[in-house]
Amino acid sequence: MDKIKTEHLYFYYGKKQALWDINIAIPERQITALIGPSGCGKSTFLRCLNRMNDTIPHTRAEGKVYLDGEDIYSPNTNVVELRRRVGMVFQRPNPFPASVFDNVAFGPRVLGLYGRSELADVVEASLRSAGLWDEVKDDLRQDALSLSLGQQQRLCIARVIAVKPEVILMDEPCSALDPIATLKIEDLMRALSKEYTIVIVTHNMQQAARASDFTAFMLSDAQRTGQLIEFGPTAEVFTRPQDKRTEDYITGRFG
Amino acid sequence: MRRAFDEDLEALQNQMLELGSMVAEALARSVDALKRQDMEASRQVIRNDPKINEKRFAIEADCLRLIATQQPMARDLRSIAAVLEIITDLERCADYAAGIAKITLMIGKEPFIKPLIDIPRMLEKDLSMLDRALKAFVERDVEAARRIAAEDDDVDSLYDQVNNELITFMLRDPRTIQQATRLLWVAHNLERFADRVTNICERVVFTVTGEMREMNIQEPEVEPQ
């Protein structure tokens, strides 16, 4: 079952073309990794999936992006609701300068959940899902910025989970983390993929190889920025890629 | 950025080729010692076998080191996986050579019941197939690998020929049964050797294409009575 599907997706920053004719079907409740060299359009593509690029002026998307069969670029789309359904975790953990509790409760409060015990339940459930509960339960009032970077990133994941999304987009979520914190995030992704569709951009090919179910390889050439070269089950892409350009990239023979 | 890794891969391949020559030499010596009924030369082949085993383990360790340190992908990964398989086949090939040497010791100095004709032919075919199969691996030559694998049929027919001939001897004169059975085992080892070379050919195809497929599968034949 496909959760997200794009058809002939092109993207432009002003006149600069950044994605070229992306056609992909991202399976539900699986982890899909986007890999490719810098400037290949993988972050741009990720940010098209919840219209995060709308926040950048003079940008334009062409083509279709379907979430459960509905075009998210149609004029009737409620973008705030879209971003609730398709949450995002960024490269550097970005907790609000507030308590652990308030960070996780932020989204539910925005959505109108005020009851003290309901909020407490959502916060606990979200922190548990993010694998952080045991580490913070004794002091939910502590400043989120006093946590380690790895804990902060799991807090950001808890913050996304708190609004009950369907898809979680992750833009290099481990690039600021040490190997142990990275493995914790990867384990967490694995657990979360039972409930959520996860799309992750990573520069770390080993991470894509060990932590994803499907891998998409993107590449730019002189004429066309941001092409999807190959998409398939991760085990196949890393053992017998179909396209020579994928082979060259993953074996480090690129350029 | 990946020059060091390329050099490592080439060194690994050279080690494998070296193991291949050790195996070829062992087989050639074992059959030569049989022909000349040279007990000392046969013992030498048996004594040399542990060196071949050691070499195989050393290459295996190299493969594991490269997997651990370089995290190879795609074709690189397949070629290291292929080397791991090939060295196992080569090591088994060496066991066939040692097996022949042991049979020579059993036959001892008793005169042959017949001149050895097809056994040296099988040897020649085995060695030629092995040599070319390893070359096909180095050159990533899928077509050559397929052709070499097909030649396994020639070795099989030589084996059938030896088999029929020795059975005729045994039927005619039961006193030949002991030696004939032993010679049959020699031929059997040489036949299995070629099967192992076919496995190497399969690994060439796998390395290049990623396809895992048995070559030269034969329907079990029932001999007409």
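Two strands are said to pair if DSSP finds at least two bridges between them, and the elements themselves are DSSP runs numbered from the N terminus, helices being H or I runs of at least four residues and strands being E runs of at least two. Residues are numbered from 1 along each chain as its sequence is written, while chains are lettered from A and ligands numbered from 1 in the order in which they are written. This is a predicted model, in which local features need pLDDT of at least 70 and side-chain atom pairs count only at pLDDT 80 or more, whereas totals for chains, interfaces and linings use all residues.

Select residues 2–13 and 16–27 of chain A, which are strand 1 and strand 2, and which pair in the antiparallel sense over 8 bridges.

**Second stop: chain A as a whole**

Now widen the selection to chain A, which holds 10 helices and 10 strands. Its C-alpha trace spans about 55 × 40 × 30 Å along the principal axes. The radius of gyration, taken over C-alpha atoms, can be set against a globule rule of 2.2 Å times the number of residues to the power 0.38; for 255 residues a compact globule would come near 18 Å, and the 18 Å of chain A agrees with that.

A residue is called buried if 20 or more other C-beta atoms, placed from the backbone, lie within 10 Å of its own, exposed if 12 or fewer do, and partly exposed in between. By this criterion, 45% of the 255 residues in chain A are buried. Two residues are in contact if their C-beta atoms, placed from the backbone, lie within 7 Å, and among the contacts in chain A with a separation of 6 or more, 69% are between residues 24 or more positions apart.

Select residues 149–161 of chain A, which make up helix 6. The expected span of a helix is 1.5 Å times one less than its number of residues, and the 13 residues of helix 6 of chain A should therefore span 18 Å, in agreement with the 18 Å between its end C-alpha atoms. Because 12 of these 13 residues are buried, helix 6 of chain A is largely enclosed by the rest of the structure; the buried residues include Q152(A), L155(A), C156(A) and I157(A).

Helix 4 of chain A has 14 residues and reaches 20 Å from its first C-alpha to its last, close to the 20 Å expected. Its buried residues are V122(A), V123(A), S126(A), L127(A) and S129(A). They lie on the same side of helix 4 of chain A, because they cover an arc of only 160 degrees around the axis, the arc being that of the directions from the helix axis to the C-beta atoms. The cover over these residues includes helix 3, helix 5, helix 6 and helix 7 of chain A. Just after helix 4 of chain A, G131(A) takes a positive phi of about 70 degrees.

Most residues other than glycine have a negative phi. Pick H58(A), where phi is near 60 degrees, in the loop between helix 1 (42–48) and strand 4 (59–67) of chain A; H58(A) is exposed, with 9 other C-beta atoms within 10 Å. Then pick K164(A), which has a positive phi of about 55 degrees and is found in the loop between helix 6 and strand 7 (167–171) of chain A. K164(A) counts as partly exposed, with 17 C-beta neighbours inside 10 Å.

Select chain B, whose secondary structure comes to 7 helices and 0 strands. Of its 225 residues, 39% count as buried, and its C-alpha trace spans about 70 × 40 × 20 Å along the principal axes.

Finally, show both chains: the contact takes 10 residues from chain A and 10 residues from chain B. On the chain A side, helix 9 (234–239) and helix 10 (244–250) each supply at least two residues.
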